[in-house]
Amino acid sequence: MKFGNTSSPLILTLLASSLLVACNDSGSDPKLASTAKPVTPKTAVSGVALDGYLNNAKVCIDINRDLSCDSADGESVFTNEKGQYTLLSDGVDLSQYAVIVEVIPQKTIDMDTPNATLDRAYVLSAPADSASLITPYTTVISAIASQQGLDYNAAKVVMSKQLGVDASAFERDYVAKDHADDPKLHLLAQSLTRIMQKGEQASVEDGVARLDVRKGVTAKLALLDLASLKTKTDKLVGTANDRNAIDKIADDYVADVTVSTEEVVGNEVLIIPPAPDSNSIKDAADTFDWSWVGHFRDKTDYEYSVDKGQTWQPVTAKPLSVGKKAYAIGDVQVRTKGNANKKLKAGKPSLSTQAFTLTLNPAAPNSISVDDANNTFDWDFVATIEELTRYEYSLDSGATWQTIEHKPQSIHDIDLAVGALQVRLAEFGNSSAGLVARSTQAFSVTPDSPSGPRINVVDDNNDIFGWDLVDGFVKASDYEVYLNGTWETASANPLSVGNNDYSANSIKVRVAADANNGRPAGAETKVTTAFTKLQDKPVAPTNGKVDDANNLFDWDNLTGFVDVADYQISLDGGVVWNAIANKPASIPDDEYAAGKVCVRVTENAQDRHPVGDSLCSLAKFTETPATPLAPTAPVTDDSASTFAWTWVEDFDNASDYEISIQGSEWKSVTANPIVLAELNYAIGQIQVRVAQNLTSGNNLAGAVLSNRQAFTQVARDYRDVLRQNGVDVRWLGIDPDYSFDLDDYEHLDDLCDQSAQKIVDDNSSTKFLLFTNKVTINFTLPDTAIIDKYSIVSAEDYHERDPLQWTLEASTDGISWQELDARKDQDFTEYFQSNEYVIDKAQRGDYRYYRFLELTNNSSDIIQLADIKLWAYEPLVAPSNDINRLENGIAEYPISGARCSKTYYYIDVPVNAAELTVTTGGGTGDVDIYVLFNELPTQSDSDCGENEGTDEVCSLHDFKAGRYQILMRGYTAYDDVSLTATYKIN
């Protein structure tokens, strides 16, 4: 970017006038005395705006920091077809502001697609004193700087580490493609802008003001998993359907950048970061680990809870040690910290997905890291124990143990299978040996250096050489080539060396070294033939595009070579060349690796010249497969609300699939099994298939697998928590601050029979009515409750008075509120119609205060409804740790109970248990036992049935570690019965 003080035309005119006066008259003339005020020189700010080059985009210095070019920002200009702009700032301290580029729908053009205007708005930004380029990258870096409290250059380094690219990459024009990585940067930039466009539109449609949306979307963009996004877009390099594929990729990220009304607080936007994508629970190690959220990559950015989110503490170690305690699923949670100064609320939490069990043995190390190349391993210390001699390791799956002497610890160069290496705390004093950590990576004997490949073709005319594959090394990328003084990974075989001079024996090829197992590089083979540079040789065509789905290869013509006959094509990396019949060129439906399909200018296409340089494919062609088969083995887990399936061959990632629920549009899958909302789903309403791949030959979606069992919404142990509790109504139709007061209300007669108490009288023939169109209804419960569904019943007449939209919020203190559910355009087509709404699992919590915020009617100036019910699901809670606990193999005796009596016990089973048996015996009468994992059993929900008498046996062989609940129920009265729970240790 160029900065400089330039005189404006006004300044030049004033200077010229004063000189003329001095020359024409040596005396003083009061009529000519200068009254002009000093003019402050203007500073020129110029640069380029690009995703592709943005033409007709509005540019300004964002003086009022609202991410919109308005009159408060002074001068604004529009970019030209190369994305260029120049602004003249008037005495502005550029270091304090940003230059923004505002994309205007139906006006701005992305020159990547020059024949169409952009259809959705978005905004890019960069610091005004560093605005030579304004791109999606400068926008994200600015957001990182704000959220981390860093200067722009430091934030640039943070982003470069996330993406694994040099920070200087963000300072160059990637559209020009002057660097090898520029096509990848261009595609990633396109995906970021598409995510911004869709996120801004979705947020506006959800009712958030556009200026608030822009603040939130740009801030949330910085919290995306940019590395995984880049992995996806990198695969599109050199493909023809990249824009369609980018559109599909963007759909998977839109929800992550959409701004909610909950995040708008007054004039500020305080974003809620997403939950960590994944977590890892290691019960034996008593640790909880999680994936980073965006650029928050320091443990001090996080906080944790061990009581289901009731209280939070700062994280001091990653992974987090939870100590020697038992925790149920969901007890342990981690989230990003809130920081109002950085405009961040606390993030959404990542919840533990399995229980932590209480064991007597010391914890295991959290993990073992294997360095096969150097024959060493390392491990994580158990919390507070950092003495090497306290640890021991085994190389034979735990049969024998050796004391650890070093960290990392060396071992011999041997083959070891996954899990054969184990580490634990050794016996110490009265403490038994600890639980075991097992390696998840094998050791192998270091391989010998591979032999050298044999050169099989050298063609100076075509500028290529090739080699025979060495056994075990079948990909071009397994090799490296010495060219221009450095070793570089081979991109193709044969390999083009371009139109250059290379002396004999200056080019070499070998099998590359393997840093993972320590195998050295292979023997070198020299190319003994020289390459010579030809004069007047046409350069290579540009912008090669693989359309694998349609078996086509296209390119941009060179100036002066515009006929198809001017070009020829090769399907073997440049060895054999043929004429081209059409453009794009048709490719046989077969397998061609990247670099195999090449085009070039044919010899003497225009006047006399040699054949041109080659442009070769950057992506592969695949043989078009048949329509993918349907997934198999559907697993419907009604209790967990999950649906699972077995992969189709060659499609073994969740991202290869898409799902449709109850006839909805197909959406990408993120996990197998997939967690469903807790609703009723009939057989066939959950459908999964292999998704269409827009960039490969798999251009058809696969056959469909449907659920073969129904899902039923949990219906037991619900209670209406509001009946006979007070309801408070605030009148918001006229004045939001007006408290409803009976003495001031003119429709007093109506309130006698249509008061707020009618909302909770469980009688749909009565109703609540107010002469207003909008109310907020507040509920204060006698105790906290987890509400997971609610219902609203319409009254007996006038549909225009029925509720149309509302937001359900909850609070622990009646001051700070959290959104649980929001509804718009609700339809009550019948009188006395009851509509039921389920609250998303992720939004539920244990609250005492609930309110329906701004419940608005259909169209009338009167609002009415018959009933509101908030339903709480009461999970059967396990007994506390000091009541009715059983110890392994120790009988509880004597136990007595009346007919139909219920007595509960529990036992904690460790991870190394092999079998659990629960028995009763002795005494008189008839007692039945029921056993269930992690919640109290019932007669209809348990892992065991009943027998006659008091001799009951329940044996579980296929089970998991954790807490098992036991119910003793008196079929008749019983007396002096013993109860024993026994597990065996593996």
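1. Arg424 sits in strand β25 (residues 422-425); strands here are DSSP E runs of at least two residues and helices H or I runs of at least four, numbered from the N terminus. The model is predicted, so local features need pLDDT of at least 70 and side-chain atom pairs pLDDT 80 or more, while totals for chains, interfaces and linings use all residues. Residues are numbered from 1 along each chain as its sequence is written, and side-chain values use heavy atoms, without hydrogens and water.

2. Arg424 counts as buried because its relative accessibility is 18% (buried is under 20% relative accessible area, exposed over 50%, partly exposed in between; 1.4 Å probe, protein chains only). Its contacts (heavy atoms within 4.5 Å), leaving aside neighbours within four places in sequence, include Pro365, Trp401 and Leu435. The side chain of Arg424 also makes a polar contact with the side chain of Glu392 at 2.6 Å (a pair of N or O atoms within 3.5 Å; within protein, one able to donate a hydrogen and the other to accept it, residues adjacent in sequence counting only if both atoms are side-chain atoms).

3. Strand β32 (residues 507-511) is largely enclosed by the rest of the structure, because 5 of its 5 residues are buried. Ile507, Val509 and Val511 point one way, and Lys508 and Arg510 the other. In a regular strand, side chains alternate between the two faces of the sheet.

4. Strand β29 (residues 479-483) runs antiparallel to β32, joined by 4 bridges (pairing requires at least two DSSP bridges). Glu480 has Arg510 as its bridge partner. β32 also pairs with strand β33 (residues 525-527), antiparallel over 3 bridges, where Val509 stands opposite Thr525.
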